[in-house]
Amino acid sequence: MKQSFTVRQGALDGVEAFLAVAQHRSFRRAAAELGVTPSAISQAVRALEARLGAVLFIRTTRSVGLTDAGERFLARARPAFEELVAASGAARELGQKPAGLLRLTVPRSVVPILLEPLIASFCKAYPEIEVELAASEELVDLAAGGFDAGIRMGQFINPDMVAVRLTKPFPFAIVGSPDYLARRGRPKRPDDLRVHACLRLRRSNGGLAPWSLNDNGRSIELAVSGSFIGHDFPTLVGAAVEGVGLAQVPAPLISGAVKEKKLVRVLDAFASTTPGVFLYYPGHRQIMPKLRAFIDHVKSRSVAAR
């Protein structure tokens, strides 16, 4: 069972003053350390004692000592306060320089064609940043999943996100292996796909994605059929290479297989185009230095690649 607790407003007020007095056994020296007046220290300690319902110090004109309640409070408060100071320092450090864990959610198809060289150069440039890639086809909630940013094709990004372009727009290519095309023939028109074995994509919401084509500026969506269903584009590419059927996939993903003549593009005149791949992140919060460093690195690489 998860334990829950609440801290009353102001519960930590006066703790720093108490610890300083306990260390120096002097209200005056504690005030000098904290840069306040002795009366301010005295008021803070009295307010703390009032909230706790216990006297923490024995005061005389010559000395200051701890009561039994004060000793007990000191034993628990000092390590807790030191941990808070350390936590504040760690958070401040991450807020001032590129460091810490950068978590990105990405589709599997993006990793080999885009991220592997990009991540390699980024890790060399920023050795104090740990990069974690969660490869998934699901459109996850960045905040709920604990991600700093995501990478997706432009049409799948919510409008409330800030998007940084990673690639130019590119077509969705329809491809088949030379063996498959020799057996089943090469489609000439979109209607020809109805008699072909088309490899289908299962979306993260459970539905099957239709094939999108373009006929002289007119968008066409076809509910194709076939005996194979995959959950990501690399799986469809692999099945197409093995001659299982035709696949519609992002063109950059099959450029190597086309050059090696493992796959042949068909119906290029009817190819639809995607806006490209984007890095995206929430725009309503301050950007941590680790994410800012990654965004700047992405932009610099994009400029260099032009």
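## Overall make-up

Helices, of at least four residues, and strands, of at least two, are taken here as DSSP runs numbered from the N terminus. On that basis the chain has ten helices and 15 strands. The model is a predicted one.

Of the 306 residues in the chain, 39% are buried. The accessible surface of the chain is about 17600 Å², and carbon and sulfur atoms account for 52% of that surface. Among contacts between residues at least 6 apart in sequence, 72% join residues at least 24 apart.

## Helix H1

Helix H1 spans residues 15-24. Seven of its ten residues are buried, so the helix is largely enclosed by the rest of the structure. The buried residues in H1 are Val15, Ala17, Phe18, Leu19, Ala20, Val21 and Ala22.

Arg25 follows H1 and has a positive phi, near 55°.

## A five-stranded sheet

Five strands form an open sheet in the order S4-S3-S5-S15-S6, and their pairing is mixed. Strand S4 (129-135) and strand S6 (161-165) are the edge strands, each pairing on one side only. On average, neighbouring strands of this sheet are turned by 25° against each other, with direction ignored.

Within the sheet, strand S3 (residues 100-106) pairs with strand S5 (residues 149-153) in the parallel sense, over two bridges. Thr105 has Gly150 in S5 as its bridge partner.

Ser177 sits in the loop between strand S7 (170-176) and helix H7 (178-184). Its relative accessibility is 2%, and because buried means under 20%, Ser177 counts as buried.

A polar atom of the Ser177 side chain lies 3.0 Å from the backbone nitrogen of Tyr180. Leaving aside neighbours within four places in sequence, Ser177 is in contact with Ala240, Val241, Gly243, Lys262 and Leu263.

## Cysteines

A disulfide is a covalent bond between the sulfur atoms of two cysteines. With a disulfide taken as a pair of cysteine sulfur atoms within 2.5 Å, the count comes to zero.

Cys198, with a relative accessible area of 0%, is buried.

Definitions and conventions:
Residues are numbered from 1 along each chain as its sequence is written. This is a predicted model: local features need pLDDT of at least 70, side-chain atom pairs count only at pLDDT 80 or more; totals for chains, interfaces and linings use all residues. Side-chain values use heavy atoms; hydrogens and water are left out. Buried means under 20% relative accessible area, exposed over 50%, partly exposed in between (1.4 Å probe, protein chains only). A polar contact is a pair of N or O atoms within 3.5 Å; within protein, one must be able to donate a hydrogen and the other to accept it, and residues adjacent in sequence count only if both atoms are side-chain atoms. Contact means heavy atoms within 4.5 Å. Two strands pair if DSSP finds at least two bridges between them. Axes are lines fitted to C-alpha atoms, for helices over the stretch in contact, and angles run from 0 to 180 degrees between N-to-C directions. Accessible areas come from the Shrake-Rupley method with a 1.4 Å probe; for residues, only the protein chains shown count as cover.
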